[in-house]
Amino acid sequence: CPENLQKASSGINAEYGGILHGEEKDFKTGFSYFYEAFEGYDSVEHPYALDGLKYMLLCKIMLGVPDDVHALLTGKMGLKYSGRGIDAMKAIADAGKKRDISIFNNTISDYNDELKKDPVVQNHLKSLYDNLLEKNLVRIIEPYSRVQIAHVAETINLPYDIVEKKLSQIILDKKFSGILDQGSGVLIVYDGSESDQTYTYALDTITHMGKVVDVLFKKAQKLS
């Protein structure tokens, strides 16, 4: 019916707006757009409603309010769209709340199809993982002026080479000031300030928007 098609098309437009705001790290506005998309899809019982709901939950996770994920899923909304897709987002919210990289990695493994096959979710999960890893590493090294990289790796329960590479990246990105003495396997930490992330965000946006536009184009084709 034309009216249903119009509502579904409006949902795609709102979804695109939400994705754009998400790429700009404006997840609060993104949530509003995804909610509008969800309502449009849900009103005509369109399966894309599940995507709208997933992206709403994703925004709450990226905003650092994982408790809101569970609040949104109480009642009819959670029951109607229950399944592995929503379970995956709930599990990611729990991992983010606990700030535990190991739990996060296990969740990605357990819900690989539900998370990694969606380019919108996958894009932001990478950012969430990076943020969690950086926060954990900074928290571990903060008390020290010198610390063995092996100790940091053991504490965070990740391979030495991954930790060394991430520490090097954090230093290059000026997340904290320090140097890596790779010969002795020691990180020397200095006092420093946080860097401007605008350039990094811009690169992320350019890299991932192509995939997102392709997904929305395919959705629009299915409606026609």
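Let's start where two helices meet: Asp-130, Leu-133, Glu-134 and Leu-137 in H9 touch Val-163, Lys-166, Leu-167 and Ile-170 in H11, where contact means heavy atoms within 4.5 Å. Those residues divide into five nonpolar, no polar and three charged; here Ala, Val, Leu, Ile, Met, Phe, Trp, Tyr, Cys and Pro count as nonpolar, Asp, Glu, Lys and Arg as charged, and the others, Gly among them, as polar.

A word on what we are looking at. This is a predicted model, where local features need pLDDT of at least 70 and side-chain atom pairs count only at pLDDT 80 or more, while totals for chains, interfaces and linings use all residues. Residues are numbered from 1 along each chain as its sequence is written, and side-chain values use heavy atoms, with hydrogens and water left out.

Back to our pair. Two packed helices are described by the angle between their axes and the distance between the axes. H9 (residues 119–141) and H11 (residues 160–172) pack at about 90°, with axes 11 Å apart. That makes H9 roughly perpendicular to H11, a label for angles of 65 to 115 degrees. The axes are lines fitted to C-alpha atoms, for helices over the stretch in contact, and angles run from 0 to 180 degrees between N-to-C directions.

Now, the core. The largest nonpolar core has 58 residues, and Phe-104, Leu-115 and Val-163 touch the most other members. By nonpolar core I mean a set of buried Ala, Val, Leu, Ile, Met, Phe, Trp, Tyr and Cys residues joined through side-chain atoms within 4.5 Å, buried being under 20% relative accessible area with a 1.4 Å probe, protein chains only. H9 gives the most to this core, with 10 residues. What is Leu-115 in contact with, leaving aside its neighbours within four places in sequence? The partners are Ala-88, Met-89, Ile-92, Thr-107, Ile-108, Val-121, Gln-122 and Leu-125.

On to the sheet. Three strands form an open sheet in the order E1-E3-E2, with antiparallel pairing; strands pair if DSSP finds at least two bridges between them. Strands E1 (146–148) and E2 (177–181) are the edges. Three bridges join E1 to E3 (residues 186–190), and Gln-148 stands opposite Val-186 in E3. Helix H10 (residues 149–156) packs on the sheet, touching E1, E2 and E3.

Finally, the whole chain: 12 helices and three strands, taken as DSSP runs of at least four residues for helices (H or I) and at least two for strands (E), numbered from the N terminus. Of its 224 residues, 45% count as buried.

How values were computed:
Parallel < 35°, antiparallel > 145°, perpendicular 65-115°, else oblique. Buried < 20%, exposed > 50% of the residue type's maximum accessible area, 1.4 Å probe, protein only.
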